[in-house]
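Trainee: I'd like to learn how to read a few features off a model. Could you walk me through some?

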Amino acid sequence: MTLPKLSKFDLQIMDALWTKGALSIREIHETFPERDRPAYTTVQTIVYRLETKKAVRRAKKISNAHVFEATISKSAAQRRLIDEFLSVFGGRPQPVMAHLIESGKLTLEDIQEAENTLRRLTKKEKS
């Protein structure tokens with residue numbers, strides 16, 4: 001299954017579902033901070049679009065409210081975003097890594113963890 005392309009707003013709605021589980025549109029709407037909360041109908045429209053993209057599905061109906069749940073995992077959505085981001089750099093992670101190191105956002109521990117993961121995956125491929 002090809003993962004759908006998700007906007008920043010889509011991801012905010014998905015995050016509510018990933019964090020809290022199945023929710024009605026009203027419950028999703030209430031997860032937004034009151035000060036920056038979009039209109040209920042805006043959230044409703046985006047949830048229906050996410051349903052069309054097959055990112056969410058109707059899990060059940062309580063009275064006349066539909067309860068939605070995520071059909072794609074957070075890690076799958078993150079992998080898609082990272083792949084899209086890297087495509088801007090020709091698929092090469094080196095410019096991104098260099099920036100993260102220079103900005104202090106990538107620590108020696110992060111690099112060691114990445115090395116351990118790479119070693120583990122390399123051993124897995126050989127066996």
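This is a predicted model: local features need pLDDT of at least 70, side-chain atom pairs count only at pLDDT 80 or more; totals for chains, interfaces and linings use all residues.

Trainee: Where is K54 found?

Mentor: Look at the loop between helix 3 (40-52) and strand 2 (56-62), and you'll find K54 there. As for S63, that residue is in the loop between strand 2 and strand 3 (65-70).

Trainee: Is S63 buried or exposed?

Mentor: S63 counts as exposed because its relative accessible area is 69%, and the cut-off for exposed is over 50%. K54 passes that cut-off too, so it is exposed, at 56%.

Trainee: On to the surface. Which residues form a nonpolar patch there?

Mentor: That would be F85, V88 and F89, which together have about 290 Å² of accessible area. Take V88 as the example: you'll find it in the loop between helix 4 (74-87) and helix 5 (94-102). With a relative accessible area of 62%, V88 is exposed.

Trainee: Now the inside. How does one look for empty space?

Mentor: You roll a probe the size of a water molecule over the atoms, and that shows where empty space is left. In this model the count comes to one cavity of 30 Å³ or more. The volume of the largest cavity is about 40 Å³.

Trainee: Which residues line the largest cavity?

Mentor: The lining is made up of P4, L6, L11, A77, R80, L81 and E84. Helix 4 gives the most to it, with four residues. Sorted by class, the lining has five nonpolar and two charged residues, and no polar ones.

Trainee: Let me try a residue in helix 4 myself: Q78. How far apart are the C-alpha atoms of Q78 and L11?

Mentor: Their C-alpha atoms are separated by 9.8 Å, although the two residues are 67 apart along the chain. L11, you'll recall, is one of the residues lining the largest cavity.

Note on methods:
Residues are numbered from 1 along each chain as its sequence is written. Side-chain values use heavy atoms; hydrogens and water are left out. Helices (H or I, at least four residues) and strands (E, at least two) are DSSP runs, numbered from the N terminus. Buried means under 20% relative accessible area, exposed over 50%, partly exposed in between (1.4 Å probe, protein chains only). Patches are made of residues with over 30% relative accessible area and no salt bridge: like charges are joined within 9 Å, nonpolar side chains (Val, Leu, Ile, Met, Phe, Trp, Tyr) within 5 Å. Accessible areas come from the Shrake-Rupley method with a 1.4 Å probe; for residues, only the protein chains shown count as cover. A salt bridge is a side-chain nitrogen of Lys or Arg within 4 Å of a carboxyl oxygen of Asp or Glu. On a 1 Å grid over the protein atoms alone, a cavity is a set of points where a 1.4 Å probe fits but cannot get out, and a pocket is an open set with protein on both sides within 12 Å along at least five of seven lines; lining residues have an atom within 4 Å of a point. Grid points are joined across faces, edges and corners, and a volume is the space filled by probe spheres set on the points. Ala, Val, Leu, Ile, Met, Phe, Trp, Tyr, Cys and Pro count as nonpolar, Asp, Glu, Lys and Arg as charged, and the others, Gly among them, as polar.
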